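Please keep the sequence and the structure in view while reading.

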Amino acid sequence: MLEIIIVLLIGIAPPILSLWILHRTQSHYRQINLAIATPLALKLKALPPADLTYIDGFGYAIGKVSCKYNARSAYLRCAVNPSGSCQDCCYYDSL
């Protein structure tokens, strides 16, 4: 009977040891990630574009909303010239 208990303990010991090591490693890396990610996340917050306009009932849009090609989105400026400015766009056409 004692031999059976010893064999079972030897068989169960590696998975228990493995789970214990895994738990310690994960908690260690969670602490490291929190220490690194928190200041970095504060630095990487994007500033809103300078030409952000609020439209009643719709929300925010970037670019000149008077242009007929404006995407009226807070993420995409224009359907024709998504990254450029409205002043330099050759397709700028006010309504």
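A residue is called buried under 20% relative accessible area, exposed over 50%, and partly exposed in between, judged with a 1.4 Å probe and protein chains only. The model is predicted: local features need pLDDT of at least 70 and side-chain atom pairs count only at pLDDT 80 or more, while totals for chains, interfaces and linings use all residues. Residues are numbered from 1 along each chain as its sequence is written, and side-chain values use heavy atoms, with hydrogens and water left out.

The elements run α-β-β from the N terminus; helices (H or I, at least four residues) and strands (E, at least two) are DSSP runs, numbered from the N terminus. Overall values for the protein are as follows.

| Property | Value |
|---|---|
| Buried share of the 95 residues | 13% |

Helix α1 (residues 2-43) contains Ile5. Is Ile5 buried, partly exposed or exposed? Because its relative accessibility is 40%, Ile5 counts as partly exposed.

Ser73 is found in the segment after β2 (59-62). Tyr60, Ala61 and Ile62 are touched by Ser73 (heavy atoms within 4.5 Å), where residues up to four places away in sequence are not counted. A polar atom of the Ser73 side chain also lies 3.3 Å from the backbone nitrogen of Leu76.

Note on methods
A polar contact is a pair of N or O atoms within 3.5 Å; within protein, one must be able to donate a hydrogen and the other to accept it, and residues adjacent in sequence count only if both atoms are side-chain atoms.
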